[in-house]
Amino acid sequence: MTDTNVEAAKRAAAQQAVADHFDPSASFVGIGSGTTIVYVVEAIKERSTNPSVLFVPTGYQSRQLVINAGLTPISFDSIPDRVMLDVAFDGADEVDTELNCIKGGGACLFQEKLVAERAKKFVCVADYRKRQDRLLTNWPTIPIEVAPLSQHKVEASLRLLGSTNPKLRTTLLEKSGPLKTDQHFFIIDAPFPALLTSADVAAGKGKGDGSDGTWEVNNISKAIKGLTGVLEVGIFSGMNGNDAQALRAKDGALSAVTGGQKPIAVYFGMADGSVKLRTADGEQ
Ligand SMILES: O=C(CO)[C@H](O)[C@H](O)COP(=O)(O)O
């Protein structure tokens, strides 16, 4: 499959997601990071008729995208208290059948999670390579953002949790060395065996708590997040996206949904030009 197919798949998914979820009269819209979000911004720009919409970026690249499109950025910490974003769009590195996602391939997972949790609706857009039954099927590692001082200690703890060879992400561009996130932290990429869904655990496919070598998505996410030195884990999981959306829509319910970052919908651009939509109700 050529790169042209992949790019066409990303654009088709972005067009559909924006047509379904971008309301030009929205007040606040979250904009994720990566290569697919470029097509989301392009589609928003085509439909944007209201200059007062404010766009909340998830990092440096995302902010530049918003500015270059002639849209208005607002930083996450300038959003008024108790105000929710109308919608947030983002890419994903892999998505399972329960809509859990791996994110952080572009090293922006911390701000992406802040923005996803703050949105009434979180919508993901991806190409067909990301559409899997279980996380860590095609995408090899869990990206984890850590304080530089804790790097070796966190790597040792990840090995104890069953990660075979956790590695510091480095860059060879301009200057070789550790990649630094927008928070000036490091990223460790930790390989694990494919993660079980909650349905897998219910069906007896493994305990999912690490004791038999299997990990369920929410369990491994909590175990890694609990390590001192970890700022954030690139697993977006927790509450069902529809339930979280209903809670977020209620004034004052913000704290009730901490930990729920699943999208309500994932649009996959397919190799044949079609778009598949995955929600809590299944796939169409
Ligand atoms: O999480 C991310 C960045 O940290 C991206 O959303 C994810 O890596 C998908 O990127 P792309 O759209 O380039 O495939």
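The model is predicted, with a mean pLDDT of 93 for the protein. Domain 1 covers 3-132 + 237-283, while domain 2 covers 141-234. Between them, domain 1 and domain 2 bury about 1,500 Å², and one salt bridge is counted across that boundary.

**Confidence**
- In this protein, 96% of the residues reach a pLDDT of 70 or more.
- For the complex, the predictor reports an ipTM of 0.99 together with a pTM of 0.95.

**Layout of the domains**
- Domain 1 is made up of two stretches of the chain, 3-132 and 237-283, and domain 2 of one, 141-234.
- Taken over C-alpha atoms, the centres of domain 1 and domain 2 lie 23 Å apart.

**Contact and buried area**
- Contact between the domains involves 20 residues of domain 1 and 20 residues of domain 2.
- Of the area that domain 1 and domain 2 bury between them, 53% is on carbon and sulfur atoms.
- On the domain 1 side, Glu-98, Leu-109 and Phe-110 are the residues that lose the most area to domain 2, and together they make up 35% of what that side buries.

**Polar links across the interface**
- The one salt bridge between domain 1 and domain 2 pairs Lys-113 with Glu-232, whose closest N and O atoms are 2.9 Å apart.
- Eleven residue pairs are in polar contact across the interface of domain 1 and domain 2, with both residues of each pair at pLDDT 80 or more.

- At least two residues each come from strand 6 (101-102) and helix 4 (109-117) on the side of domain 1 that touches domain 2.
- Helix 4 gives that side its largest share, four residues.
- By residue class, the side of domain 1 that touches domain 2 has six nonpolar, ten polar and four charged residues.

How values were computed. Residues are numbered from 1 along each chain as its sequence is written. This is a predicted model: local features need pLDDT of at least 70, side-chain atom pairs count only at pLDDT 80 or more; totals for chains, interfaces and linings use all residues. Side-chain values use heavy atoms; hydrogens and water are left out. Domain bounds come from an automatic or database domain assignment. Contact means heavy atoms within 4.5 Å. Buried area is the accessible area (1.4 Å probe) that two parts lose on being put together, summed over both. A salt bridge is a side-chain nitrogen of Lys or Arg within 4 Å of a carboxyl oxygen of Asp or Glu. A polar contact is a pair of N or O atoms within 3.5 Å; within protein, one must be able to donate a hydrogen and the other to accept it, and residues adjacent in sequence count only if both atoms are side-chain atoms. Ala, Val, Leu, Ile, Met, Phe, Trp, Tyr, Cys and Pro count as nonpolar, Asp, Glu, Lys and Arg as charged, and the others, Gly among them, as polar. pLDDT is the predictor's confidence in each residue, from 0 to 100.
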